Amino acid sequence: MNHHARFILGRIFFYAGACLFASFFVLPLLWLTVAPFNTLATLSLSLPEEFSLANFRRVFANTFAIRALVQNSVLQAGGAMVLVTITATLAAYALSRSSIKGTDVITYGLVLFSSVVTGTAAMVPIFLMIHGMGLIDTHVAVILVFTGGLLPAAIFIMRDFVDSIPRSYEESALVAGASPWRVFNDIALPIVRPGMMVIAVWAFVNVWGGFLIPFILLRSSGKMPAAVAIYSFYSEAGTPLVTLTAAYSLLYTLPVLLLYLFVNWKYGFRFFGGIKS
Amino acid sequence: MQRRSILSLPAGLLFLLPAGAFVFVFIILPFFWIAAVSFTNRTLTGRTALNPEFVGLANYRRLFDPDRFFNSGEFGASLILTGQFVFFSAILGQAILGLLLAWFFYNHRGWVQSTVQTLAIVAWIMPDVVVAFAWFAFLDRDDGTLNQILSAIGLGHPDWLLALPMVSIIMFNIWRGTAFSMLLFSSALGSIPPSHLETASVAGATGLQKLRDIILPLIRTHIITVLILITLWTFNTFTPFLLTGGGPAFQTEVVSIYTYRTAFQFFRFGMGGAVGMVMMIINLAFAIVYLGILRSQKAHA
Amino acid sequence: MAGVAFRGVSKSFGAVTAVDDVSFDIHDGEIVCLLGPSGCGKTTTLRLIAGLEGPTAGSIHIGDRDVTMISPKGRDIGMVFQDYALYPHMTISDNISYPLKVRGVSKEERASRAAEVAASLQIGNLLERRPGQISGGQQQRTSVARAVVHKPQVFLFDEPLSNLDAKLRLEARGFIKHLQKRLGVTSIYVTHDQAEAMALADRIAVMDGGRIVQMAPPLEVYHRPANTFVANFLGSPPMNLLPVRLERRTGVTRFVADAFTITAEGWHERLQGRVDDGESVILGVRPEHLALGEADDPWSFPGELYATEPLGPETLITISVGDALTTLRIFGDDPPVVDGRVHARIQNTNLRLFREGGERIELG
């Protein structure tokens, strides 16, 4: 076989393989990208006879579900995002830059503990604790529990990031005459900001998509996030109203996709990779 | 000894305090609390809610009761199902598919690679309930996309969620989580100096020989990392609940769902605590094995 | 303006002693280079002056003040880091004027002083750029500008030229010396490059194993190295070191090695009482103090030609003597043609003797 033919065969093999892989990931989602725009959608994959936004209009008429999305989910994911980002940044900075002894042991201990005490394994004590604090059925409960659960991984990633920044930045500011607080505020914070952005997006996406924690900690329908409120489009028997659930799913997924695109564009996914708990 | 650091000791402790408080309350405390609760008959309401009694090992004895341990819907059966789920979806599915993808696109960076990578990542980051709903539609017996394709090529249309529920959640979990293995293996492959492979090529090694003799030994640590992490995550995932609810007839009741049902369907927290305790011990075993391997790898390096 | 002094300063990191009982005085307006191989304690010494490390023992003085317990903020120094440490989120102007900002200088004055310093360092046209948008040489100048803008009492340089390519490094070296002489500020400059230290320093402090082994003007360090470590560290190629045994007979002294014997003509009285008969010593001679000679010259020794390297203004001739190599530096652009057996003649006015342990023998 000559070189040229072999090259062409190789190309064909490559594109065929790539198509196979792509379809494995795309097929399960294909229906979800079409159905929301079809007022008569069934579970069958077919192009709508006419492209319509009527499903979305009906979803927006469901004030309970919309409030869950634009208020409760935003509040809970945003709250946990702010708390995780701030506390993880402070802790990671201390672990990287202070004279505290055994910071490696602390960091690895954190990761060990957090991989042992997972949300599913610890759902009983977490529920009992929140119950004991009188916080059952509050946004605060969801925010606090998510923050606690996401923190170890956030600290781990953030510490890696802070460690990669040369200490000479802060040292040169110290020598220039800056007080420790100024060094942190003028130099360290701006330099670790990209890391904070990534942590923030990561925390937001995790809480936004999380189901179990709000499911066991919240009672009243007025506080449910979108992850739970989506079941308001299901009948009593547990079967979904296909058209509306699809439309709502799309709305609910959109922020996650946009944030992913943002992070990917700004920092590349490499840094984001491997950290979804 | 006087030692100056960028952050003084008091400031460092102050910076650690908020995170430390969170970690203590929501990670360390539950670890010990769950041990305590698992020895009681604590419930949500009624007399034992306020004054739970110490019942010793009763919850564990009930959990490991040999007469019914392996009965459908019992703890032993659930552990076996979880083992199958983890083995097929994480170790065989995600790890191998992830490695295959990383290897397939190694040296083929470009728009094709980034498109497939993005698709895998989208499957990975979408909210749980949305992917569950998408798969509910995908696997539908009469109209689902999968069966539309299968019947078009004459392979029939099985009722996935009812007749093959375990196969369904395994496929689902592979689809959902392969992105992590793929990303980690890609970066591991990217860190191999090209000269290593070029030397092998010059020496006349085939693609498979290069994979076996050069690539796999060089990324051994990454393989261990991937295997342990995806095992831990798959072991603890609750998402199959959203697809099958653990059914039909407990056929997909992995331990995370079993814990939920035990603790929250009847609010028997003592029992739920005992299950959670067993889960944590299994998690701990995985984590210790992992750290041990990492440490010995470091010692070798 | 102020001098810098160490009094018995030590610094340990756990079990490792980085700086070991060091004392010195650096005079007002002087530039001193701390020279040594990596791990010799030179950077730690500099960081002790900056206050980035605290000493384990001893005291540090800047001018009349004991600054041992004072944080970097209170020491009034300017420092140039090896990686420049320019803040990526600030413009060049803001980078340069940062020391003024923390001193509460008004915004207008900061801008004008940054512009003034930048102009004098030929980076005045870059003020609104970011560090990532300028070249390595420009970054280096920016970091120097930031170190001098607040007119500190002491400048510290931590290998500031090691990230530049060879050509830029020469240019920046001259520029730093010019600036230091113009401003007349006491400067301490850390480097592992002996040529850089020779070129810049008023005095060189050669460090080894956390101690200062010699502190003297460059030419003295070069010509009268305190020990074989210094002799070997300075000069390119370094000083030739030939181990020999001394033989004293009536009226004549010889240096005897396996491969040769040198008759120390005219040195018999000189070595009297300083070196004993039969003692092992090391002859130290710079390559430029060796010439091609004749076999019957008492101060010559034979070797086999190993390599000839014409460098333009000079030629290096390396010969193997026994199992060691010795290098001759012959000046002039007409390299001598040699082959086979070669005799090297020592210009004995520039011969140094070291004890077997390494320290130089003081000859009358």
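## Contacts, packing and backbone in a predicted model

Student: How many residues does the contact take from chain C and from chain A?
Tutor: The model is predicted. On the side of chain C that touches chain A, strand 6 (77-80) and helix 3 (98-101) of chain C are the elements that give two or more residues. That side has twelve nonpolar, one polar and three charged residues. The contact takes 16 residues from chain C and, from chain A, 16 residues.

Student: Which element gives the largest share of the side of chain B that touches chain A?
Tutor: This contact takes 76 residues from chain B and 79 residues from chain A. The chain B side has 56 nonpolar, 16 polar and four charged residues. The largest share of that side, 19 residues, comes from helix 1 of chain B.

Student: Are helix 5 of chain A and helix 1 of chain B roughly perpendicular or roughly parallel to each other?
Tutor: Helix 5 (residues 123-132) of chain A packs on helix 1 (residues 9-37) of chain B with the axes 8 Å apart and an angle of about 95°. Angles of 65 to 115 degrees count as roughly perpendicular. The two helices are therefore roughly perpendicular.

Student: Which residues of helix 1 of chain B meet helix 5 of chain A?
Tutor: The residues of this contact divide into nine nonpolar, no polar and no charged. Helix 5 of chain A brings A:Val124, A:Pro125, A:Ile126, A:Leu128 and A:Met129. In helix 1 of chain B they meet B:Pro30, B:Trp33, B:Ile34 and B:Val37.

Student: What percentage of the residues of chain B count as buried?
Tutor: Chain B has 15 helices and zero strands. Its C-alpha trace spans about 80 × 75 × 35 Å along the principal axes. Among contacts in chain B with a separation of 6 or more, 68% join residues 24 or more positions apart. Of the 301 residues of chain B, the part that counts as buried is 44%.

Student: What covers the buried residues of helix 7 of chain B?
Tutor: Helix 7 (residues 145-152) has B:Thr145, B:Leu146 and B:Asn147 as its buried residues. After the helix comes B:Gly154, with a positive phi near 75°. The cover over the buried residues includes helix 6 (128-138) of chain B and helix 1 (3-34) of chain A.

Student: Which residues does the cis peptide bond join?
Tutor: The place to look is the loop between helix 9 (228-233) and strand 11 (240-249) of chain C, where C:Pro237 is found. Omega of the cis bond is about -5°. The residues joined are C:Ser236 and C:Pro237.

Student: Is B:Ala249 buried or exposed?
Tutor: B:Ala249 is found in the loop between helix 13 (240-244) and helix 14 (255-265) of chain B. Its phi is near 50°, a positive value in a residue other than glycine. B:Ala249 has 11 inside 10 Å, so it counts as exposed.

Student: What is the phi of B:Phe250 near?
Tutor: B:Phe250 is placed in the loop between helix 13 and helix 14 of chain B. With 18 other C-beta atoms within 10 Å, B:Phe250 is partly exposed. Its phi is positive, in a residue other than glycine, and is near 60°.

Technical notes. Residues are numbered from 1 along each chain as its sequence is written. Chains are lettered from A and ligands numbered from 1 in the order in which they are written. This is a predicted model: local features need pLDDT of at least 70, side-chain atom pairs count only at pLDDT 80 or more; totals for chains, interfaces and linings use all residues. Two residues are in contact if their C-beta atoms, placed from the backbone, lie within 7 Å. Helices (H or I, at least four residues) and strands (E, at least two) are DSSP runs, numbered from the N terminus. Ala, Val, Leu, Ile, Met, Phe, Trp, Tyr, Cys and Pro count as nonpolar, Asp, Glu, Lys and Arg as charged, and the others, Gly among them, as polar. Axes are lines fitted to C-alpha atoms, for helices over the stretch in contact, and angles run from 0 to 180 degrees between N-to-C directions. Angles under 35 degrees count as roughly parallel, over 145 as roughly antiparallel, 65 to 115 as roughly perpendicular and the rest as oblique. A residue is buried if 20 or more other C-beta atoms lie within 10 Å of its own, exposed if 12 or fewer, and partly exposed in between; C-beta atoms are placed from the backbone.
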